[in-house]
Amino acid sequence: MINKKVELKRIIFKKLLGRFDYNIELKDKLTILTGPNGFGKSTILKTIEAISRGVEGISYFNSLNFEEIIFDFKNYENIRIRKENKTMYINNTNSLNKNLELMKSIINNGEIKIEKKDYYAYYKLLENLIERKINVEYKNMLKKSRTHNQKNMNRLNGLSNEDKINNIMKRLKENLQHVYFIKDQRMMKEKQNFESYEFKHDNGMNSINIIEELPQKIKKHINVILEKYSEKSNELDSTYPTRLFKFKYNKKITEYEFKENLHNMYIKTEKLKEYGLFLKPNTEYDEIMFNPEDSKALKIYFEDFDTKYRIYDKFIKKLDLYKSILNSRLSFKKIVISKEKGIEILAEDTNREIKLNSLSSGERQEILIFYYLIFEAESNILLLIDEPEISLHVTWQRKFIDDLLKVIEDKKINVIISTHSPQIIGNHQEKQIDLGGLYHVQNFR
């Protein structure tokens, strides 16, 4: 039995960015954060993403200006992070800041050598120690240090508070809904270090356009589903003779049922052909005639076909939804998906291929966002989307939430959106939390 993942219910901020007190109670399924620039919309998404990363996310809170943040979860203990006299506490246990000077002194005394002594390096060293205290590499480094080896080992081994923090954050990460963050800079990625949902931007030569990888990603999805189909098909085909001769049906298939099943099979096969998923030679369905003597074999055959098709069923619904959303947006173009090329964009009148990189920024944004929403986002997750309106025409902005709700309808997904656009909100004002309004109510009531 899979344990139900813990969901975030509310976040309370005290002096976020040195100014803002917010009590943000999340809406059912969808929450839309709005407010003027500088009121912390994107920062709030980043704090949620950071807390979801457990120990690895602690360093983000060290660099953030705030007094207190309370993460209020459903059916789980609250996580309270506060800063007091330059020391950070998590559930009243002092965290990394107090031990930062310890690490700095060890580094400055030469026991651990790094080329560039910046705060990021200190935090990463601390995180490594917390992740599994003094691992072999650090032990060896300390053994080779010039002086005070045993003293430093004792000091580092005594970080009991970090053990407590580690346990709190590790347990939260294990129980919390998975969090995926679609960031505002989502068109580029770093070559060496990329995770599907964590879009990053680098103006150097080390970044490439994410959309270039999309055809291969879709081909990979198709190949996975084809492999599953092939396994099930081989299993059923190999047992067909045995089932035919041993299994007895109380009721054989009638001619009416035969024609109905044949028609349904034709419709499903045409859908498979549309995406290049039908691997068998074309069948002339109108040439198949009903014979009462074959009714038992036909009943098994049709049932087997339905069993095989069920492997495709959810995937085809995803493909249909993806095509439907994108084709409603692409002017004079159409999207084509196949196992040979993954995804293509063709001119509607000439069928000339249009390179993905030559599409407008808004078209590429929509193609990427809905790809991740439909094909990559799992069930039972918390999805964060920062400024979905980027590069989108007003008409597309108005459609975004309605299409998003179609995508998450059958999935247990909670979504938090940060936006400046009233068009994104549309007729979903009941899902809106306006940070500007919260701040003014708090300060001028």
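**Close-up 1. Helices α10 and α11 pack against each other in this predicted model.** Helix α10 covers residues 295-327 and helix α11 covers residues 361-376, and their axes come within 10 Å. The axes cross at roughly 160°, and since angles over 145 degrees count as roughly antiparallel, α10 and α11 are therefore described as roughly antiparallel to each other. The crossing here is right-handed. On the α10 side, the contact is made by Phe-315, Lys-318, Leu-319, Leu-321, Tyr-322, Ile-325 and Leu-326. Facing them from α11 are Glu-366, Ile-367, Phe-370, Tyr-371, Ile-374 and Phe-375. Sort the residues of this contact by class and you get eleven nonpolar, two charged and no polar.

**Close-up 2. Helix α11 also packs with helix α12.** Helix α12 runs over residues 394-408, and its axis lies 11 Å from that of α11. How are α11 and α12 oriented to each other, parallel or antiparallel? The angle between them is about 15°, and with under 35 degrees as the cut-off for roughly parallel, α11 and α12 are therefore roughly parallel. Their crossing is right-handed. Gly-362, Glu-363, Glu-366, Ile-369, Phe-370, Leu-373 and Ile-374 are what α11 brings to the contact. From α12 come Trp-396, Phe-400, Asp-403, Leu-404 and Val-407. The class count for this contact is eight nonpolar, one polar and three charged residues.

**Close-up 3. Helix α8 is another partner of α11.** Helix α8 spans residues 214-246, and its axis comes within 12 Å of the α11 axis. The two cross at roughly 20°, so α8 and α11 are roughly parallel to each other. In this pair the crossing is left-handed. Leu-214, Lys-217, Ile-218 and His-221 of α8 touch Ile-367, Tyr-371, Tyr-372, Phe-375 and Glu-376 of α11. That gives six nonpolar, one polar and two charged residues.

**Close-up 4. Tyr-312 sits in helix α10.** Is Tyr-312 buried or exposed? Its relative accessible area is 0%, so Tyr-312 is buried. Leaving out residues up to four places away in sequence, Tyr-312 touches Ile-225, Leu-226, Tyr-229, Leu-272 and Leu-277. Look for Ile-222 as well: Tyr-312 and Ile-222 are 90 residues apart in sequence, yet their C-alpha atoms are 9.7 Å apart in space.

**Close-up 5. Glu-293 is in the loop between α9 and α10.** Helix α9 takes in residues 255-274. With a relative accessible area of 74%, Glu-293 is exposed. Pick out Lys-252 too, 41 residues from Glu-293 along the chain, with 9.7 Å between the two C-alpha atoms.

**Close-up 6. Thr-87 belongs to strand β6.** The strand covers residues 87-90. Thr-87 counts as buried, at a relative accessible area of 14%. Its C-alpha atom is 9.0 Å from that of Asn-62, a residue 25 positions away along the chain.

**Close-up 7. Lys-15 and Asn-75 each have a positive phi.** For Lys-15, phi is near 55°, and this is a residue other than glycine. Lys-15 lies in strand β1, residues 8-16, and is partly exposed at a relative accessible area of 26%. Phi of Asn-75 is likewise near 55°. Asn-75 is in the loop between β4 (68-73) and β5 (79-84), where it is exposed, with a relative accessible area of 79%.

**Close-up 8. The whole protein, for context.** The protein has 14 helices and 16 strands. Of its 445 residues, 48% count as buried. Among contacts with a separation of 6 or more, 68% are between residues 24 or more positions apart. The accessible surface comes to about 23,800 Å², and carbon and sulfur atoms hold 48% of that surface.

Key. Residues numbered from 1 in each chain as written. Predicted model: local features only at pLDDT ≥ 70, side-chain atom pairs only at ≥ 80, totals over all residues. Heavy atoms only, no water. Helix = DSSP H or I, 4+ residues; strand = E, 2+ residues; numbered from the N terminus. Buried < 20%, exposed > 50% of the residue type's maximum accessible area, 1.4 Å probe, protein only. Contact = heavy atoms within 4.5 Å. Areas by Shrake-Rupley, 256 points an atom, 1.4 Å probe, with all protein chains shown as cover. Axes fitted to C-alpha atoms, helices over the stretch in contact; angles between N-to-C directions. Parallel < 35°, antiparallel > 145°, perpendicular 65-115°, else oblique. Left-handed = near helix turned anticlockwise from the far one by under 90°. Nonpolar A, V, L, I, M, F, W, Y, C, P; charged D, E, K, R; others polar.
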